[in-house]
There are 2 protein chains.
Amino acid sequence: MDRLTYKASGVDIAAGNEAVRRIARLARSTFRPEVLGEIGSFANFVRVPEGYRDPVLVASTDGVGTKLKVAFLADRHDSVGIDLVAMGVNDLLVHGAEPFFFLDYLATGQVVPEKIEAIITGIVEGCHQAGCALIGGETAEMPDFYAPGEYDLAGFAVGVVERSRVIDGSAITPEDHLVGLVSSGLHANGYSLARKVVFERLGLKVTDHLEACGRSVAEEMLAPTRIYAKPILALLKEHRVKGMAHITGGGISENLPRVLPKGCRARVRLGSWPVPPIFRLIQKEGGVEDAEMLRTFNMGIGMILVVEAADARAIRERLAALGESVWEIGNVIPGAHGIEYA
Amino acid sequence: MDRLTYKASGVDIAAGNEAVRRIARLARSTFRPEVLGEIGSFANFVRVPEGYRDPVLVASTDGVGTKLKVAFLADRHDSVGIDLVAMGVNDLLVHGAEPFFFLDYLATGQVVPEKIEAIITGIVEGCHQAGCALIGGETAEMPDFYAPGEYDLAGFAVGVVERSRVIDGSAITPEDHLVGLVSSGLHANGYSLARKVVFERLGLKVTDHLEACGRSVAEEMLAPTRIYAKPILALLKEHRVKGMAHITGGGISENLPRVLPKGCRARVRLGSWPVPPIFRLIQKEGGVEDAEMLRTFNMGIGMILVVEAADARAIRERLAALGESVWEIGNVIPGAHGIEYA
């Protein structure tokens, strides 16, 4: 009888250990002073950051969705980690929280240390951009579970915010202005639909050039999600923001209302910002309705700030000075809770 | 031309919203007083628990591994959530931390609200057992990514511990005793090998009866991982524990040394605890070497406590009074960092 080993059953602990060593080295570069100890014990320790009187922890979890499929097709794995961190920390930022620490879950059919290292390199880059420490993670080898060469990623982000400075939208009133911050493209949402159009309807390959977008399919569809930590945290030191919405799955249509209090309605002016060509392409080639586009994709706006009308201009200028592309995209009106487009 | 919608591309936002409503209701039952607000905003808030002078946060992430495959075969989804919480919080407990909050990531090819609800029911049950609040989660619908009916789960656990009471094994010295706590069976590790033996070599179905184990394949292989929160936290109020090891992937052989300081070696006495029949079955039918078994499976011991020799008996008795099955399974000896079996 053939003797079975864990390795023969598809799990290579030695490869896993090698991957862990590579990850630990990378992760250490993100450590903040609050991090106690190092990765490798059963769990990972952090002290609550100093300078908070009544610190509140804010937590969020997310994945990258089927954007990963594009990474598989392009065999490029060093940018989806940025998306992973972005999806998590942008959700913390909308509440005024400082990204604090991050953990990742990476599941794959077979651990290939070089590929794991590329993925973690992206996560580490994202953590640097967000200013949070990558304090732990799990690399799960699950043979017969993921297709060869494929993997899934989940991220867990924890931030901290002074309790009296939590931003939750409750202060929003009619007449407030909506300030939109540019996205880098699709970010990490709507890829099931986007892939259907690009790869099935148009029959494109990742290496094909997208004339309208001025870059290849892979470049366009793997452009990492923007992490808004630096501009938002800098802005909040000087200006008041009443509410924010991170535009993810559900688009502006579903995400912006999440931050509005009762009796407040968002009025978003279509045409007040430039819609990137990739969205036009998907809409045209997929024959997608306007409303469907707006509730699936970010349409070029990755984050929306709700601000006092009198502050709007100064906030736009400050964000521009911080290197952001921003637009006044609408305002809050009295009415049924929800959103309308003009 | 056929118009594409996000739903036609395989993502059903309405089903997702229905699942979110079911989850929110379940999750609310786990809330602790520190939880601020409810699930549904962009992220979720908690205050640091009171009663800590210098609180340290401890974080861990893990999945359930290919134990999920057994849940798929048995079409039983209400227990893997317990495994998910167990894998996370047991890692916090080894450091003396109180499980505080939990977030889950659930990725599937198609959101079926009833199935999602069953999975979350298990997570909620695990959170109740651990005493932590389920404050958030992500249900990702990823068509063409997971096989029909399949899903993956990742969990993120955060605990809190008084800094001066962190347990890290540094106080361990030769002569300390090893106290083993019973596992409920395979827990959530070694399933790639276990499945190969049970389903491929033996050709069993999940509904088949396992004579040696006195229960069906599904019952044996889906028995939820034990959550050691209640006995461990109760014990720590009265007794000193110098180090703990949660026996997961890598078995006793790889997990126990993780907690030992330099110059300390674990001497584990095989035969000092009863090895559950499922492990004997896997070893015999798979022709697996002893050493391979010990570095793949928990062999009946889910958690090991390293305690002062003089305290060992009182600790065993206290744990027994708390309903635990415990054994004195060995001791620490001076020598090269590592483990040996006697």
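How much area do chain B and chain A bury between them? Before I answer, please keep in mind that this is a predicted model, in which local features need pLDDT of at least 70 and side-chain atom pairs count only at pLDDT 80 or more, while totals for chains, interfaces and linings use all residues. Residues are numbered from 1 along each chain as its sequence is written, chains are lettered from A in the order in which they are written, and side-chain values use heavy atoms, with hydrogens and water left out.

The two chains bury about 6800 Å², 63% of it on carbon and sulfur atoms, where buried area is the accessible area (1.4 Å probe) lost on putting two parts together, summed over both. On the side of chain B, the residues that lose the most area to chain A are B:Leu4, B:Phe42 and B:Phe145, together 14% of what that side buries.

Turning to charge, the count between the chains is two salt bridges, each being a side-chain nitrogen of Lys or Arg within 4 Å of a carboxyl oxygen of Asp or Glu. B:Asp144 forms a salt bridge with A:Arg195, with the closest N and O atoms 3.9 Å apart.

A:Arg195 also belongs to a contact inside chain A, where A:Lys67, A:Lys69, A:Val70 and A:Leu73 in H2(A) meet A:Tyr191, A:Arg195 and A:Phe199 in H5(A), contact meaning heavy atoms within 4.5 Å. These helices, residues 67-74 and 191-201, pack at an angle of about 40° with axes 8 Å apart, and are therefore oblique to each other, a class left over once angles under 35 degrees (roughly parallel), over 145 (roughly antiparallel) and 65 to 115 (roughly perpendicular) are set aside.

Methods. Axes are lines fitted to C-alpha atoms, for helices over the stretch in contact, and angles run from 0 to 180 degrees between N-to-C directions. Helices (H or I, at least four residues) and strands (E, at least two) are DSSP runs, numbered from the N terminus.
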